[in-house]
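Colleague: I would like to learn how to read a fold like this one. Could we go through its features together?

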Amino acid sequence: MNAPWQPEAEKIIRACCEAQGAEVFALTVNANRNDVRILAVVDKPGGGITLEECARLNRAVAAALDDRQLIPEGYVLELNSPGLDW
């Protein structure tokens, strides 16, 4: 079952990534009673996103989510590159 804020949070995450020239390949939100974990796998359209770009995206997404105050409790946000397995 999705949390009520989840669809809007997913839109914000995708919009932030697209604004920075990245694509979201996978997005998982696990929201339990007091534990929210958001995992996004991101890459550039041509591939080859750097660690610095992932860090910059993470900060931008976290700031956008915090500005909107959608998630009522604290959360863990992870933005990762797809790596070699994708």
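Modeller: Gladly. Let us begin with touching: contact means heavy atoms within 4.5 Å. With that rule, and leaving out residues up to four places away in sequence, isoleucine 49 touches Ala22, Val42, Asp43, Lys44, Cys54, Leu57 and Ser81. This is a predicted model, in which local features need pLDDT of at least 70, side-chain atom pairs count only at pLDDT 80 or more, and totals for chains, interfaces and linings use all residues. Residues are numbered from 1 along each chain as its sequence is written, and side-chain values use heavy atoms, with hydrogens and water left out.

Colleague: Where is isoleucine 49 found, and is isoleucine 49 buried or exposed?

Modeller: Buried means under 20% relative accessible area, exposed over 50%, and partly exposed in between (1.4 Å probe, protein chains only). Isoleucine 49 has 13%, so it is buried. Isoleucine 49 sits in the loop between β2 and α2; helices (H or I, at least four residues) and strands (E, at least two) are DSSP runs, numbered from the N terminus. The C-alpha atoms of isoleucine 49 and alanine 22 are separated by 8.0 Å, although these residues are 27 apart along the chain.

Colleague: What order do the strands of the sheet have?

Modeller: Strands of a sheet pair through backbone hydrogen bonds, either parallel or antiparallel. Two strands pair here if DSSP finds at least two bridges between them. The three strands form an open sheet in the order β1-β2-β3, with mixed pairing. β1 (23-31) and β3 (76-80) are at the edges with a single partner strand each, so one side of each has no neighbour in the sheet. β2 (residues 36-43) pairs with β3 in the parallel sense over five bridges, and valine 41 stands opposite asparagine 80 in β3.

Colleague: At what angle do α1 and α2 pack?

Modeller: Axes are lines fitted to C-alpha atoms, for helices over the stretch in contact, and angles run from 0 to 180 degrees between N-to-C directions. α1 and α2 pack at about 140°, their axes 9 Å apart. That makes α1 oblique to α2, as angles under 35 degrees count as roughly parallel, over 145 as roughly antiparallel, 65 to 115 as roughly perpendicular and the rest as oblique.

Colleague: Which residues meet there?

Modeller: Glu8, Ala9, Ile12, Ile13, Cys16 and Cys17 in α1 meet α2 residues Leu57, Ala60, Val61, Ala64, Leu65 and Arg68.
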